Amino acid sequence: MSGPQPPRIDSTLAARVAEHFGLPAWLCRRRQCRRKGRCGWIFPSTGEPCCLRNLVPEQRRMFDQLYTATRAARSHLGHVGLMYASRSAAWRDLEDAAVALAQPLVPRADRRRWNDARRLRDTLPPPDR
């Protein structure tokens with residue numbers, strides 16, 4: 001028996017993050033993905049877009065970081081005051097990208113709360129540079 005399996009990732013969210021980085025157009029070995037510039041092939045066992053297998057460890061770390069931030073922003077923006085608006089410029093850039101990527105993927109039941117929190121987030125002061 002092997003150790004614990006890594007959690008299955010959200011295929012739609014992972015594909016959106018991969019497309020943000022331009023992975024389907026530049027790194028994917030699938031012609032269909034390169035031509036469309038969109039993820040079209042997902043590994044059924046993990047839910048990962050196929051192009052993620054072509055990343056070197058540093059690139060994969062960056063992908064995982066943005067994927068995790070996007071998943072958190074989609075699920076928790078506006079809950080208990082979570083704004084994902086760090087005062088650090090580097091983190092704020094990551095959070096800005098995560099919020100932009102998450103917006104079209106927010107479940108219908110949460111859209112009003114989420115959009116209200118996003119508008120409030122937009123009024124917060126910019127990060128320290």
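This is a predicted model: local features need pLDDT of at least 70, side-chain atom pairs count only at pLDDT 80 or more; totals for chains, interfaces and linings use all residues.
**View 1. Crossing of helix α1 and helix α5.** Helix α1 spans residues 11-21 and helix α5 residues 89-102; their axes come within 10 Å and cross at roughly 125°. The crossing of α1 past α5 is right-handed.

**View 2. Residues between α1 and α5.** From α1, the residues R16, V17 and H20 meet A97, A100 and L101 of α5. Sorted by class, this contact holds four nonpolar residues, one polar residue and one charged residue.

**View 3. Buried side of α1.** Buried residues in α1 are S11, L13, A14, A15, V17 and A18. Their cover includes α2 (23-26), α4 (57-76) and α5.

View 4. Where α1 starts, a side-chain oxygen of D10 lies within 3.0 Å of the backbone nitrogen of T12. After α1 comes G22, which has a positive phi near 80°.

**View 5. Packing of α5 against helix α6.** Helix α6 covers residues 111-122 and packs on α5 at an angle of about 150°, the axes being 12 Å apart. The crossing of these two helices is left-handed. On the α5 side the contact is formed by R92, E95, D96, V99 and A102, and on the α6 side by W114, R118 and R121. Three of the residues in the contact of α5 with α6 are nonpolar and five are charged, with no polar residue.

Key
Residues are numbered from 1 along each chain as its sequence is written. Side-chain values use heavy atoms; hydrogens and water are left out. Axes are lines fitted to C-alpha atoms, for helices over the stretch in contact, and angles run from 0 to 180 degrees between N-to-C directions. Helices (H or I, at least four residues) and strands (E, at least two) are DSSP runs, numbered from the N terminus. A crossing is left-handed if the near helix is turned anticlockwise from the far one by less than a right angle, and right-handed if clockwise. Contact means heavy atoms within 4.5 Å. Ala, Val, Leu, Ile, Met, Phe, Trp, Tyr, Cys and Pro count as nonpolar, Asp, Glu, Lys and Arg as charged, and the others, Gly among them, as polar. Buried means under 20% relative accessible area, exposed over 50%, partly exposed in between (1.4 Å probe, protein chains only). A polar contact is a pair of N or O atoms within 3.5 Å; within protein, one must be able to donate a hydrogen and the other to accept it, and residues adjacent in sequence count only if both atoms are side-chain atoms.
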